[in-house]
Each structure stands twice: as C-alpha cells, then as structure tokens.
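Trainee: I'd like a close look at one part of this protein. Please walk me through its aromatic rings, and the residues you'd check alongside them.

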Amino acid sequence: MSFRLGSFYVCELNNNYFKIEIMNRIFTLFCVAGALCLSAKAADPLMVMLDWDNGDNRDLPVFQAGESLTIEAYVSGGEEPYAYRWVTSKGEEVGTEATLSITATVPEAYRLFVTSADGQSATDKANVFVNVEEMAVATFDDLPLEDESAWPGDKLVEDPGAYDALFSGSFHFTNSYMPEYNYWCGYSFANEKATTFDGLQHQHRNVVGGGAEETANYGVTFMDYADTRIYVTHAEEGLVVPGMYVTNSAYLVNSALNGDGFCPKFTHDDKDYYKLVIQGLNEENEVIGKVEVMLIDFSEEEPYILSEWKYVDLTSLGKVHRLRLDRESTKQAYAPAYACIDQVGAKNPGAGIEAPAVASGIRLTAAADGILSVVGADGSWRIEIYSTDGVARASYNGHGATTVSTAALAAGLYIARVVSEDGEATLRFVRR
C-alpha cells in the first residue's frame, strides 16, 4: 500500500487511532507481528533526457528555415504531475508540454526545465542549427544580460569544460565553460561600459565601452586553447559575410602598455605588434582566405592602438561556411589572447555613401609620445584631456598652431578635445 503526498490517512494500532499527514515522502504500510508499521521511502531523483543529439555541440543537427522540428522529453523519478517549461537562449518561453514542436527560424538553444510535484527540478538542453536564406546580424543584443555584466558560459552546463554553443542572429559561436574554475574560452558576450582593467574580473571589457554603433552588448573572444569557429551556414554554396566590427580588449591594451607579470610591455625597440586574423573556412574547415586587422602596432615611433569600433570588410573571403578568429603577435606566447567583436554579418555602413569633404579648421595630432600638436588654428583655443573612464586629467590654453606637452600624464589611453573659434576636434591617443 502506498501513501501519496498531501493526503491524510487514519491507522489503528492496539485499539488506538492515528491520523497521518504525508508531507514530503512516500510511506509504505506493512505488518510485523500483528502490528502496523510505517516505513519511509524517499522518492527517486527526478531525471530528464531529451530525444536529441547535440553531438559535441559544434556539428549540430541541421534544419532549414521554415522546417518543422520536434523535441521530446523523457522524465523519470520524482512525483507526478510534472510541470514543463521550454525557454530559448533569448529568454523566450516557447512551450509548456513534454514535447516541443516548433518551426525552425534561426540557430537556437532550447532548454527544458522540469519540476515534479515533490519539488524536485531537472533540466536539459537541445542546440539546433538552422540554415537561413537571409543572414541575420549577430548583434549580441538579442541575448538577455543584466547591465554591466558578462556571460562567460551557460551556468547550467551539464558537462563543464566540454564545448557548448552560443547563438546570436543567424550565427553559432563556440563556447567552453568551467564554472567551478571561472574559466571560459571561445566566445562570450558582455555589456560593460567601463574601459579600465584591474584584474581578471574585468577580462570582458573593451577600450571603447559598450557595443559598436552605440549598442549595449558585444562579443568577446578568448583564443587560447579554444575552438574559435563561427558557424555561418551548412548550405552547399556557403554565404558571403559582409563584415563585422572589432576593437581592442582592455586586458590586452593594459598588458601592452604596462606589462602584467607574464606579458612584457610592448616597445618600439622590439617592433611589437598584435593583429587579429579572421579566416574564412569552407565546409571541410579548409582556409579559403583571411583578413588581418592590426590592433596594436609599436613598429613606428608613434604607437598605434585601435581605440574605437572598426568596421572590417569580409567580402574578399567570398562564400564561406565558417569564420575562425586567430591572432598574430611578436608577444604570441605572452600577450592575452583577447579581442572584442560586434555586429557580425553587418553591411559596410559607408557603402554607397559619398565620402564627405575634409573640413578645414582646427585639428589635433599626436606628433610624438608626450606631445600633442594643434593644427589649423589662428585664434585662441583650449584643450581638455580625459582618461577613457571620463575623468578629466589635464587642460591647456594656447593660441595658434603649436604643440603642448602631455609628459605629465601616466601611461594609458586618453581622449583630447580642443575647442576654439576655428572649430573643435577630438583625438584618441596613447601615452607610453
């Protein structure tokens, strides 16, 4: 005889009657030497398994846009009835039954949460790749994220350290996450506005703050020991990826300027540089082309550090099935293998637009380390210099075309703004 949760039972023992309320266990009634006894038996653990094969979460099941797909759940243990909740990686609830039937639109993750009547919970996830006819830009803004935070990986990952998938737009990014060690590689995303770096807790920050085109979220790649492929399509012909935005990681720039105990700081004497290499791959993962983006270059007297979101045209790669990010550096074994990306698949914002004429008037140049030049000024002007966190660091007043010394500034990235009757201009520059 079994007793169910939330029920009342009356038992008799030696002409005494007992009322028993069953709260959180199943009890079995049995008889020993003429006496009634109750034996507690814990409910079996709740388990859920999807009728779905994610493989190693890189070569996923492939569907065509518009095709119907069904994901079925098998549940055991716990106490019935079960409650089901299917949620996408975008935070959208798409089902409340054991079986999910949907129409494929873009690559997506579908996570099932199951709760049993006795309060146990279990979860499993199905990752789906979808071939689309029209590419959807990976903005990372379609992924839910608390303000001023980062997503290093799925905290509910069933196999820490194994490959998982991150989806934005119509793109599939690889990710590997070990929550126990706070370690990830491949791709993640963030929306942090601060641009300073004071430790690994800031490893997702970039030098601009926020995403490209004044959006919130942006992608981050950590390329060491990682599969950095971005899946575009499994269609036979491949697709042309128009381009994407890239910028520097705050971590990388801090190491280049100051050194970090592992990576020596970059120097002109060593002609140090760090470039991002974007490869185009076919369906067999063969490299069919590449585009290089210089992120840091100390080979010239005036160092170059990319300090804005730069659009990178990828049409020269032709039709591809995947992209893969890599880096090349004179400090290859030491420099943090980070870069920040956004708007993957975006079209060139300047395509078809006539370039404006260069306006005459005042402008700033970094003539050399520690020196700013004011060019094109006839009257009085004022320069204000800010660090990238928005704090005013210095100001100068002057007249006409001349130079000012910034030698008193600490090493780092700065923004200079000059205002005069001849106009105004801004300049991002590096103080070594």
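Mentor: Start with a geometric test: a charge sits over a ring if NZ of Lys or CZ of Arg is within 6 Å of the ring centre and within 35 degrees of the ring normal. Keep in mind that you're looking at a predicted model, where local features need pLDDT of at least 70, side-chain atom pairs count only at pLDDT 80 or more, and totals for chains, interfaces and linings use all residues. Side-chain values use heavy atoms, with hydrogens and water left out, and residue numbers run from 1 along each chain as its sequence is written.

Lys-331 sits over the face of Phe-266, 5.6 Å from the ring centre. Arg-58 does likewise with Tyr-163, and there the distance to the ring centre is 3.8 Å.

Now for rings against rings. Phe, Tyr and Trp (its six-membered ring) pair if their centres lie within 6.5 Å; planes under 30 degrees apart are stacked, over 60 edge-to-face, and the rest tilted. That rule gives 16 aromatic pairs. One of them is Trp-184 with Tyr-338, an edge-to-face pair with 6.3 Å from centre to centre and 75° between the planes. Trp-184 belongs to strand E16 (residues 183–190) and Tyr-338 to strand E27 (residues 338–342), so this pair ties together parts 154 residues apart in sequence. (Strands, E, of at least two residues and helices, H or I, of at least four are DSSP runs numbered from the N terminus.) Trp-184 and Tyr-338 are both buried, where buried means under 20% relative accessible area, exposed over 50%, and partly exposed in between, with a 1.4 Å probe and protein chains only.

Compare that with Tyr-218 and Trp-309: their ring centres are 6.3 Å apart and their planes are at 55°, so this pair counts as tilted. It also links distant parts of the chain, 91 residues apart, with Tyr-218 in strand E17 (residues 218–222) and Trp-309 in the loop between strand E23 (304–305) and strand E24 (310–313). Both Tyr-218 and Trp-309 are buried.

Phe-140 is in the loop between strand E12 (121–131) and strand E13 (150–151), and its relative accessible area is 1%, so it counts as buried. Lys-271 has a positive phi too, about 55°, and isn't a glycine either. That lysine is in the loop between helix H1 (250–258) and strand E21 (273–281), and at 41% relative accessibility it counts as partly exposed. One more backbone item to check is the cis peptide bond between Glu-80 and Pro-81, with omega at about 5°; Pro-81 is in the loop between strand E7 (68–76) and strand E8 (83–88).

If contact means heavy atoms within 4.5 Å, then among contacts between residues at least 6 apart in sequence, 66% join residues at least 24 apart.
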